[in-house]
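Let us go through this predicted model and ask what each label rests on. Each answer sets a value against its cut-off.

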Amino acid sequence: MYRFFVVLFFAACSLINAQDIKPKNIIILIGDGMGINYVGANLLQDPNSPFKQFSTIGLSITCSADNLITDSAAGATALATGYLTKNKYISVDTLGNPLYTLFELAEKLNLSTGVVVTASVAHATPGAFLGHSISRYDQNLIASQMVNEDFDVIIGGGLKYFIPKSDSGEREDNRDLTKELTDKNYTFSEKFSDLKTIPDSVNQIYALFEMDGLPEASKRNYTLGDLTKVALKHLKNDSDGFVLMIEGSQIDWAGHDHKSQMLIDEMKDFSTAVKEALNFAKQDKNTLVLITSDHETGGMSIIKANNSVNDLEPELKLELGYTSTGHTPSPVGIFAFGPGKESFKGIMNINQIGQKLILLLDPSIKF
Ligand SMILES: [Zn+2]
């Protein structure tokens with residue numbers, strides 16, 4: 001009898017733990033190209049860097065199915081589907097067959113879904129969460145796939161992939177996807193100032209502020225954190241929960257071009273989104289915040305500070321060096337906060353991050 005109660009007690013405990021671990025909401029923040037030294041630069045530059053608030057940390061090996069060095073398409077596919085694929089492929093397997101994505105699963109489970117990026121919303125990283133293609137460059141295709149789905153809050157650039165050539169867009173099929181979205185009852189916005197005026201009760205929004213990528217962080221009067229705040233305001237309307245992917249898209253562009261000031265500025269911009277995500281998660285207490293990257297860019301290292309030691313923080317000016325104009329296979333960091341964080345501790349392949357995210361939503365899925 002005693003043994004029976006002990007078994008019953010432990011069974012109940014494991015059930016409670018299983019429930020505790022499953023977050024209601026998931027916020028994934030991807031710093032495109034954000035190697036460990038990028039995070040290091042942010043930590044050295046900003047005494048209040050939000051990265052300091054993470055204690056559950058891992059390392060991700062980012063190789064794709066066909067290359068030691070991944071591109072953003074295969075990297076994001078691994079995060080969005082749990083599978084490795086070839087470079088340039090967007091959420092299709094190595095043979096070109098569509099892979100089931102985290103966002104498709106979230107939609108099936110009646111969760112809301114959102115994307116906030118500073119590139120085109122059909123660019124490689126968001127594209128892997130939102131569509132399927134054997135070419136990351138077919139943004140027109142990815143945009144038309146997005147309109148067929150019921151994603152809830154989409155914020156970024158890339159308007160030209162949604163409007164016809166006759167309207168100075170890129171679409172040769174003459175479709176005006178912005179009209180199709182409005183017909184589907186989406187609230188459509190082309191300016192950040194308009195976005196702020198949308199009533200809190202609205203659930204489905206497309207906000208495309210530029211023909212292609214947004215201006216770089218230092219040339220915008222709003223931050224990635226401001227966009228994140230708006231997305232969270234609308235996504236939290238869903239009592240079932242949500243999955244939100246946020247990308248600091250241009251961190252990678254700064255790394256390719258060896259633009260050190262831009263790199264620092266883009267990391268600062270990204271950290272505004274991390275702060276918003278953490279603030280939300282701390283209040284909500286049922287949200288997993290996961291930060292990672294798809295790969296390292298530029299082989300960046302921190303060489304020295306330009307100023308004398310006396311005027312270090314907060315005006316510290318770092319001198320950065322680079323060993324490549326492309327991506328490198330250096331492992332990248334994983335930073336987790338909130339329920340479910342323990343799964344992301346340790347060293348793993350990039351697709352295992354995607355698997356763990358999917359399994360948090362549906363533990364019955366087999367990989
Ligand atoms: Zn890149």
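Q: What spacing do the donors of the zinc ion follow along the chain?
A: The spacing is D-x3-H-x70-H.

Q: Which protein atoms are the donors of the zinc ion, and how do you know that they count?
A: They are Asp252 (OD), Asp252 (OD), His256 (NE2) and His327 (NE2). They lie 2.0 to 2.4 Å from the zinc ion. The cut-off for this metal is within 2.8 Å, so they count as donors.

Q: Why is the arrangement around the zinc ion called irregular?
A: The 4 donor atoms subtend angles of 56 to 153°. A tetrahedral site needs all angles between 85 and 135 degrees.

Q: What parts does the pair of His256 and His327 tie together?
A: His256 lies in helix 10 and His327 in strand 12, so the pair ties together parts that are 71 residues apart in sequence.

Q: Why is His256 called partly exposed?
A: Its relative accessibility is 25%. Buried means under 20% and exposed means over 50%, so His256 falls in between.

Q: What makes His327 count as buried?
A: Its relative accessible area is 16%. The cut-off is under 20%, so His327 is buried.

Q: Why are helix 3 and helix 12 called roughly parallel?
A: Their axes cross at roughly 30°. Angles under 35 degrees count as roughly parallel, so the label applies. The two axes come within 5 Å. Residues that meet include Gly75 and Leu79 in helix 3, and Ile353 and Leu357 in helix 12.

Q: How do you know that strand 4 and strand 6 pair?
A: They share 4 bridges, in the parallel sense. At least two bridges are needed, so the strands pair. Val153 has Ile205 as its bridge partner in strand 6.

Q: How many bridges join strand 5 to strand 6?
A: There are 3, and the strands run parallel. Ser189 is bridged to Ala207 in strand 6.

Q: Which way do the residues of strand 6 point?
A: Ile205 and Ala207 point one way, Tyr206 and Leu208 the other. All are buried.

Q: Why do strand 5 and strand 14 stand at the edges of the sheet?
A: The open sheet has 10 strands in the order 5-6-4-3-7-1-8-13-2-14, with mixed pairing. Strand 5 and strand 14 each have a single partner strand, so one side of each is left without a neighbour in the sheet. From one strand to the next, the twist averages 15°.

Terms used
Residues numbered from 1 in each chain as written. Predicted model: local features only at pLDDT ≥ 70, side-chain atom pairs only at ≥ 80, totals over all residues. Heavy atoms only, no water. Buried < 20%, exposed > 50% of the residue type's maximum accessible area, 1.4 Å probe, protein only. Donors = N, O, S within 2.8 Å, 3.2 Å for Na, K, Ca; no water. Tetrahedral: all angles 85-135°; square planar, octahedral: opposite > 155°, others 65-115°. Axes fitted to C-alpha atoms, helices over the stretch in contact; angles between N-to-C directions. Parallel < 35°, antiparallel > 145°, perpendicular 65-115°, else oblique. Contact = heavy atoms within 4.5 Å.
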